[in-house]
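Reader: I have this model open and want a close look at a single part, the surroundings of the ligand. Please walk me through that part, then tie it to the rest of the chain.

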Amino acid sequence: MKLIIAIIQPHKLEEVKEELYKQEVNLITVSEVLGHGRQKGVTEVYRGHKETGNLLRKVRLEIAVNDNFVEPTVKAIIKGAKTGETGDGKIFILELKECVRIRTEERGSAAIG
Ligand SMILES: Nc1ncnc2c1ncn2[C@@H]1O[C@H](COP(=O)(O)OP(=O)(O)OP(=O)(O)O)[C@@H](O)[C@H]1O
Ligand SMILES: [Mg+2]
């Protein structure tokens, strides 16, 4: 199992979700976060307002998947989030040791999807 953490542009969230659903990836956690990459935050337009802070609004996705879903998930995130401009985001893939569905007490692959 893997935990996929992706930081994307907020305005790409809907497109990324659509691409994930096409791959039958339906379980997701979404957070609003602040961050910067190697440009250390440049001026961006957000909802019609210019923002110049060092930390820019981003959306963080957490998706836990079985190993055979890693590539479809990564490809879906790229398809939905990529503009080709700086700040498109990043995807981190971590080993996931365990997963427990609290309601049923199922564990591992049975619990993840
Ligand atoms: N190495 C990192 N560690 C933690 N967070 C990161 C890292 N790289 C990127 N991020 C997060 O991802 C967001 C988007 O990063 P961004 O796409 O700007 O990366 P980049 O390496 O600067 O690439 P680019 O040159 O395409 O802009 C950042 O605002 C930050 O929240
Ligand atoms: Mg950057």
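Author: Start with the classes: Ala, Val, Leu, Ile, Met, Phe, Trp, Tyr, Cys and Pro count as nonpolar, Asp, Glu, Lys and Arg as charged, and the others, Gly among them, as polar. On that basis, the shell around ligand 1 has two nonpolar, seven polar and four charged residues. Keep in mind that this is a predicted model.

Now the residues themselves. Ligand 1 is surrounded by 13 residues. The closest are Gly 35, Arg 38, Gly 87, Gly 89 and Lys 90. Which element gives the most to this shell? Strand E6, residues 89–95, does, with three residues.

Next, the polar contacts to oxygen atoms of the ligand. Gly 87 places a backbone N or O atom 2.7 Å from an oxygen atom of ligand 1. For Arg 38, a backbone N or O atom is 2.8 Å from a ligand oxygen. A polar backbone atom of His 36 is 3.1 Å from an oxygen atom of ligand 1.

Leaving out residues up to four places away in sequence, Phe 92 touches Leu 3, Ile 4, Ile 5 and Ile 7. Leu 3 is 89 residues away from Phe 92 in sequence, yet their C-alpha atoms are 8.2 Å apart.

The largest nonpolar core has 16 residues. Among those with the most contacts inside it are Ile 4, Leu 20, Ile 63 and Ile 77. Strand E1, helix H1 (13–22), strand E5 (56–65) and H2 each give two or more residues to this core. H2 gives the most, with five. In soluble globular proteins, nonpolar side chains tend to be buried together.

Ile 77 links several of these places. Beyond its neighbours within four places in sequence, Ile 77 is in contact with Ile 4, Ala 6, Ile 8, Val 16, Leu 20, Ile 63 and Ile 91.

Helix H2 (residues 70–81) also holds Thr 73. Thr 73 is buried, because its relative accessible area is 0%. Outside the four places on either side, its contacts are Ile 4, Leu 20, Val 25, Ile 63 and Val 65.

Cys 99 has a relative accessible area of 17%, so it is buried, the limit being under 20%. Neighbours within four places aside, Cys 99 contacts Met 1, Glu 106, Arg 107, Gly 108, Ala 111 and Ile 112. Ala 110 is eleven residues along the chain from Cys 99, with 8.8 Å between the C-alpha atoms.

Step back to the whole chain. Three helices and six strands make up its secondary structure. From the N terminus, the order is β-α-β-β-β-β-α-β-α. Of the 113 residues, 33% are buried. Among contacts with a separation of 6 or more, 71% join residues 24 or more positions apart. The accessible surface is about 7,700 Å², and 50% of it belongs to carbon and sulfur atoms.

Definitions and conventions: Residues are numbered from 1 along each chain as its sequence is written. Chains are lettered from A and ligands numbered from 1 in the order in which they are written. This is a predicted model: local features need pLDDT of at least 70, side-chain atom pairs count only at pLDDT 80 or more; totals for chains, interfaces and linings use all residues. Side-chain values use heavy atoms; hydrogens and water are left out. A residue is near a molecule or strand if one of its heavy atoms lies within 4 Å of it. A polar contact is a pair of N or O atoms within 3.5 Å; within protein, one must be able to donate a hydrogen and the other to accept it, and residues adjacent in sequence count only if both atoms are side-chain atoms. Helices (H or I, at least four residues) and strands (E, at least two) are DSSP runs, numbered from the N terminus. Buried means under 20% relative accessible area, exposed over 50%, partly exposed in between (1.4 Å probe, protein chains only). Contact means heavy atoms within 4.5 Å. Accessible areas come from the Shrake-Rupley method with a 1.4 Å probe; for residues, only the protein chains shown count as cover. A nonpolar core is a set of buried Ala, Val, Leu, Ile, Met, Phe, Trp, Tyr and Cys residues joined through side-chain atoms within 4.5 Å.
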